[in-house]
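Below is a set of questions and answers on one protein model. The sequence and structure come first.

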Amino acid sequence: MSKLFTHIQELVGIETISRHKVSGSEMKELHTIKDAFLLIENGLIADFGAMDTMPMMDIGSVTDASETIILPAWCDSHTHIVYAGNREQEFVDRILGLSYEEIANRGGGILNSAKKLQETNQEDLYNQSAKRLEEVIRLGTGAIEIKSGYGLTIEAEIKMLRVIKELKANYPIEIKATFLGAHAIPLAYKNKRKDYITLLTEEMLPLIAAENLADFIDVFCETGYFTVAETISILKAGKKFGLIPKIHVNQFTAIGGIKAAVENNALSVDHLEVMRPEDIQVLQGSTTMPVALPSCSYFLGIPYTPAREMIDSGLPLALATDYNPGSTPSGNMNFVVSTACIKMKMTPEEAINAATLNGAYAMGISKTHGSICKGKKANLIFTKPIPSYGYLPYAFGSNTIDKVMLNGDFFESL
Ligand code: NIG
Ligand code: FE
């Protein structure tokens, strides 16, 4: 079934030749066409261009889009949307003065979510997660990465990954799955952390690979969580099972994890709130995508990733939500894009590139997602009447999205 949109106010994020990512000063360029047409066939972008170049076509479905801006759907490369319950109490504890680290040290944090998840059956967990997935699709997300890491036992980690597989089967959104068994050392292994790492690499990984449950392997490389040496050994074990590394790193402290990730060909390094000059240097010339998570900085009141310094030194940057119950209970990519402009001094062009094409790269899907390019998936945002694409980050807190298209069809809740 073909769909033709004509007189589009502005078609944003177009590419005539598909690029994998945009870096440095390239990020400032966001290609657009005003008064455009867009042809969609079999769920893919078949053609686009200026109205005055539109070929004659005999198409059943023609829609005037003169009050609509169309842009690629957001590519959210870092989420933890499969979780059980919430952590509102910790939110209040932080308002009253405790830090994220202090809460974690008292048995809250990731271990709190792990306990809740272990007590929740797969069906309940699926239902809670599906609700979040539908919410973020309506907010414009057209491709998403989802991590395990709130299980921390063989059964519970597998349960999380099976929920992700079920979401993949039931929703038209592109989903990538990440095994994050190394999210925290479970209480039962507090004094035998080596044994937990052995469980992870020798028992969990073979089971996950046998069921084909994950694309990527992730580690929380941070003081109090996993050391750089442990991170390297876990990433290497994952690679043996075909899982591509991506890590949580430099959130609170800089301990050398970025170098380890780059040396292990990580697809992305995520968080990066605390960056030293050598961390920026080691990313230069690498294939690893740095990923910033500004709503995590907002929610926890920690520094923002130094985007300006990184982009001005020639690096690419992607933006993602980090949607999770502890540090970012929000999956709103529009808020992320706004916050990147307001707090990280990224221009709207840079932020949109970071949240689309570079986000796609951080999931290994930039050949098919992340821009409006012939042959790519028709995963698109259709805006409400707004004056310009810059109005999207400017009008922070307003919902400027009218409809979201996935594989050529407008998304309706299941
Ligand atoms: O990406 N930093 C590690 N993991 C999550 C938060 C986990 C939690 O607090 O539940 C993050 O921010
Ligand atoms: Fe995270």
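Q: Which residues are the protein donors of the iron ion (ligand 2)?
A: This is a predicted model, in which local features need pLDDT of at least 70, side-chain atom pairs count only at pLDDT 80 or more, and totals for chains, interfaces and linings use all residues. Residues are numbered from 1 along each chain as its sequence is written, chains are lettered from A and ligands numbered from 1 in the order in which they are written, and side-chain values use heavy atoms, with hydrogens and water left out. Donors are N, O and S atoms within 2.8 Å of the metal (3.2 Å for Na, K and Ca); water is not among the atoms, so sites may look incomplete. Lying 2.1 to 2.2 Å from the iron ion, the protein donors are His78 (NE2), His80 (NE2), His248 (NE2) and Asp322 (OD).

Q: How many residues apart are His80 and Asp322?
A: The donors follow the spacing H-x1-H-x167-H-x73-D along the chain. His80 is in the loop between β6 (74–76) and α1 (88–95), and Asp322 in the loop between β13 (318–319) and α12 (333–344); helices (H or I, at least four residues) and strands (E, at least two) are DSSP runs numbered from the N terminus. The pair links distant parts of the chain, 242 residues apart.

Q: Is His80 buried or exposed?
A: Buried means under 20% relative accessible area, exposed over 50%, and partly exposed in between (1.4 Å probe, protein chains only). Because its relative accessibility is 1%, His80 counts as buried.

Q: Which strands stand at the edges of the open sheet of eight strands?
A: Two strands pair if DSSP finds at least two bridges between them. The sheet has the order β6-β7-β8-β9-β10-β11-β12-β13, with parallel pairing. Each edge strand has a single partner, so one side of each is left without a neighbour in the sheet; these strands are β6 and β13.

Q: In β13, which residue is the bridge partner of Val291?
A: Strand β12 (residues 289–292) and β13 pair in the parallel sense over two bridges. In β13, the partner of Val291 is Ala318.
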